[in-house]
Amino acid sequence: MAELLFWPALLAYSEAAVAYAGNARRPGRAGRFATWGVRLGWLAQTALLVVQAARSDGFPWSTWAGSLNLFVWLVVSAYLFWGCRTRYRLLGLAVMPPAAGLLLTARLGGGTHAEEHAGYSTVFLVLHVGFVLAAFAGFTLAAALSTLYLWQERRLKHHRAGGLLGRAPALATLEELSARSIVFGLPALTAGIVAGLVRLRTSNAGFDALEAVTLVTWLVYAAFLVLRYEKGWRGRRAAYLALAGFAFVVVVRLGLPITHFA
């Protein structure tokens, strides 16, 4: 059953990615097809996750590929909050192609199968992995919004405000939504780090390099919030700082298969 649900999700996400590209060239019907592709793909992936949870006696996403499957769902869920509006379809062009590719990677790694046994404590994985992945989903969305902000600002600077720019959200809107995504992500990352530290203390495990990078990631995003809301950072500086934080997110995400799921 789980395998049957994977393919509709992948096809719908892939269709959305292609349709968003078509909508960027010629807006209209392709954008509507893309929106429905995201919605239908999300429903299929949600059903897939439910089946995995029902068939597992523990945390069903305890492998690197399984966590990648869950991560994709969280990113698409965050995008669905407002990404399906007409003015945010350009954001879909940044979100959906990687989402489709990462879901396929999860499938190749066995992350879409229904596992009966989990290798770690369910409570630990829900608190640590669940919160960290939710935070990373928020940071990923913030990075996409910051990228769109920088692209749009560059077009304005060169007096090319027509075409695609006319269908993009305002700069102030992109900046505010990016900050809100980080406001959501940082407490989730904090909870995930605390759960991980508690586990280290109770299991006498060592503090590895990936956990150090995770702490650096927390510091970068904490600095972002302080600088933005206390020091008044706006515009390109804030966008570049959000992207710098996302670079650490990528390092942590790539390192998980080696350190946590080996």
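First, a definition: the expected span of a helix is 1.5 Å times one less than its number of residues. Helices here are DSSP runs of H or I with at least four residues, strands are E runs of at least two, and both are numbered from the N terminus.

Now the sources. This is a predicted model, so local features need pLDDT of at least 70 and side-chain atom pairs count only at pLDDT 80 or more, while totals for chains, interfaces and linings use all residues. Residues are numbered from 1 along each chain as its sequence is written, and side-chain values use heavy atoms, with hydrogens and water left out.

The overall layout is quick. We have eight helices and zero strands. In sequence order that reads α-α-α-α-α-α-α-α. The protein has 262 residues, and 50% of them count as buried. Buried means under 20% relative accessible area, exposed is over 50%, and partly exposed sits in between, with a 1.4 Å probe and protein chains only.

Take α7 (209-229). Why does its length agree with expectation? At 1.5 Å a residue, its 21 residues should span 30 Å, and its end C-alpha atoms are 31 Å apart, which agrees. Its buried residues include Leu210, Glu211, Tyr221 and Arg228.

Next, α4 (89-108). This helix has 20 residues and reaches 29 Å from first C-alpha to last, close to the expected 28 Å. Where does α4 bend? At Val95, by about 30°, and a proline, Pro97, follows within four residues. The bend is the angle between axes fitted to the seven residues ending at a position and the seven starting there. Val95 is itself buried, and so are Arg89, Leu91 and Met96, among others in α4. After the helix comes Gly110, with a positive phi near 85°.

The largest nonpolar core has 75 residues, and Leu91 and Met96 touch the most other members. Such a core is a set of buried Ala, Val, Leu, Ile, Met, Phe, Trp, Tyr and Cys residues joined through side-chain atoms within 4.5 Å. The largest share, 15 residues, comes from α5.

On to empty space. Rolling a probe the size of a water molecule over the atoms shows where it is left. On a 1 Å grid over the protein atoms alone, a cavity is a set of points where a 1.4 Å probe fits but cannot get out; a pocket is an open set with protein on both sides within 12 Å along at least five of seven lines; lining residues have an atom within 4 Å of a point. Points join across faces, edges and corners, and volume is the space filled by probe spheres set on them.

The largest pocket holds about 430 Å³. Of its 22 lining residues, Phe71, Pro98, Leu102, Phe246 and Arg253 lie nearest the centre. The lining splits into 18 nonpolar, three polar and one charged. Nonpolar here is Ala, Val, Leu, Ile, Met, Phe, Trp, Tyr, Cys and Pro; charged is Asp, Glu, Lys and Arg; the others, Gly among them, are polar.

The second largest pocket is about 280 Å³. Its 13 lining residues include Ala78, Phe81 and Phe184, which are among the closest to its centre.

Finally, cavities: there are three of 30 Å³ or more. Ser146, Glu175, Ser178, Ala238 and Ala239 lie nearest its centre. Its lining has eight nonpolar, three polar and two charged residues.
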